[in-house]
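Please read the following walk through a two-chain model with the sequence and coordinates open. The text goes from the chain as a whole to its helices, and then to the other chain.

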Amino acid sequence: MAMAEGQTLSQASDKKPAQETTSPGSTSPEQSWHGIVLQTLKRNDIRLVPYVPDRVLTTLIKNLHADPFFTTFPTAREEEAVGIVSGAWMGGTKGAVLMQTSGFATLANVLASLAIPYQIPLIMFVSERGTLGEFNYGQSLVCRTMRPVLDSLAMEHHTATRLDEFEFIVDRSIKQAITTQAPVALILSPLLTGGKVFDK
Amino acid sequence: MNTQVTPPARNTKVMNRFDLTSRLIAKLKHEEAVVGGIGNTNFDLWAAGHRPQNFYMLGSMGLAFPIALGVALAQPKRRVFALEGDGSLLMQLGSLSTIATLAPKNLTMVVMDNGVYQITGAQPTPGAAVSDIVAIALGSGLANSAWAADEEDFERLIDQSLSASAPTLIGVRIDDKPGVGTTRRDPVQIRERFMHGLGVRQPL
């Protein structure tokens, strides 16, 4: 794609084992949650991955940038990323958006006025802040708005907590989103990722 | 979109959205995609004559440029136009930085600037009296950004964008007239027809 220009793409082949301080027990990208995301995106031909970053997503974002299969870049707002992958879908390229809980909270309007009524298979990965050890009160409050918004729009969503179920959830959810032309939110629980803990 | 100093917005001719949109559509001979922003912008796109490569936004204010960017990335050989109002663009100024960074050369953006939210009662936008959209675009890194001085200049800038090596943004000052038509509000059909128009899908 056109915008690979200007990006530094290192070799995907010499990826080191993930140095994921927030994900206990990960030994290689393939066996880690983020490795599963990357491989499952690739297997489903999802190439375009705009994001607004989150600490938990750091290694995934780094590895997406390092893999020339993906076109990945930051956007200023999550809503913007949703617009980009929606346009790309209509143009024949599949995408997914990465964000944090607080970013999801900015999306009600675009979900209700673009993704759902136009039947666009928007695939979202939401790193869950605000629970299981949250240290910022605002994060814990905004987290409580996420599932009620998803439920009020009757949107498919899953909270991934276990590594052994994760590939199944991701792969099946992507396929369902595309075949039913409906958005899906995959919420990455701290139980899966380790989350972000208070370390200043 | 040369290095000349662009004239301030107030020195440009005040034109009409429907007239400019019609002039653009008349130039399209290669199944170029056109994304029309929320409200009057896509109403006038509709009124200028429906074509399968038109996409009409019925919500998600501010996302015409991001949606068009997605189309441009997915189909780098197709020219993609995006039409957006100044009020809408103010909601998503960050997208100009994203587009400047990715720099798809097949994207031409037109900002219809009347300084008001015409459709809600013509209230002024927050920056109407002080902000210069083209200066904002230039500052965002979109070097090919200019105000169109008049209709002829608009057409020249459109033509120039077709062979540009970077994305183009054209600012046009427009009057406060409402859109000429009203888009048929059928989002699924709009999306499906657009995908047919882009060759992504065949009709059932």
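Chain A has a mean pLDDT of 89, and 84% of its residues reach 70 or more; pLDDT is the predictor's confidence in each residue, on a scale from 0 to 100. This is a predicted model, in which local features need pLDDT of at least 70 and side-chain atom pairs count only at pLDDT 80 or more, while totals for chains, interfaces and linings use all residues. Residues are numbered from 1 along each chain as its sequence is written, and chains are lettered from A and ligands numbered from 1 in the order in which they are written.

Residues 1-27 of chain A have pLDDT under 50 throughout, and the model gives this stretch 50 contacts beyond four places in sequence. Two residues are in contact if their C-beta atoms, placed from the backbone, lie within 7 Å. Among the contacts in chain A with a separation of 6 or more, 72% join residues 24 or more positions apart. Of the 200 residues of this chain, 50% count as buried. A residue is buried if 20 or more other C-beta atoms lie within 10 Å of its own, exposed if 12 or fewer, and partly exposed in between, with C-beta atoms placed from the backbone.

Chain A contains eight helices and seven strands. These are DSSP runs numbered from the N terminus: helices are H or I with at least four residues, and strands are E with at least two. Helix H3 of chain A, residues 78-90, has 13 residues and reaches 19 Å from its first C-alpha to its last, close to the 18 Å expected at 1.5 Å a residue. The expected span is 1.5 Å times one less than the number of residues. H3(A) is mostly covered, with 13 of its 13 residues buried. Just after H3(A), Gly92(A) has a positive phi of about 100°.

Next come the helix pairs. Two packed helices are described by the angle between their axes and the distance between the axes. Axes are lines fitted to C-alpha atoms, for helices over the stretch in contact, and angles run from 0 to 180 degrees between N-to-C directions. In chain A, the axes of H1 (residues 33-43) and H2 (residues 58-66) come within 9 Å and cross at roughly 35°. The residues that meet are His34(A), Val37(A) and Leu38(A) from H1(A), and Thr59(A), Leu60(A), Asn63(A) and Leu64(A) from H2(A). By class, this contact has four nonpolar, three polar and no charged residues. Ala, Val, Leu, Ile, Met, Phe, Trp, Tyr, Cys and Pro count as nonpolar, Asp, Glu, Lys and Arg as charged, and the others, Gly among them, as polar.

In chain B, H1 (residues 17-27) and H7 (residues 151-162) pack at an angle of about 35°, with their axes 11 Å apart. H1(B) contributes Asp19(B), Leu20(B), Arg23(B), Leu24(B) and Lys27(B), and H7(B) contributes Glu151(B), Phe154(B), Glu155(B) and Ile158(B). These residues divide into four nonpolar, no polar and five charged.

The contact between the chains takes 32 residues from chain B and 29 residues from chain A. On the side of chain B that touches chain A, H3(B) gives the most, with eight residues. That side divides into 20 nonpolar, ten polar and two charged residues.

Finally, Pro52(B) is found in the loop between helix H2 (40-47) and strand S2 (54-56) of chain B. Why does Pro52(B) count as partly exposed? Because it has 15 C-beta neighbours inside 10 Å. Beyond four places in sequence, Pro52(B) is in contact with Arg193(B), Phe194(B), His196(B) and Gly197(B).
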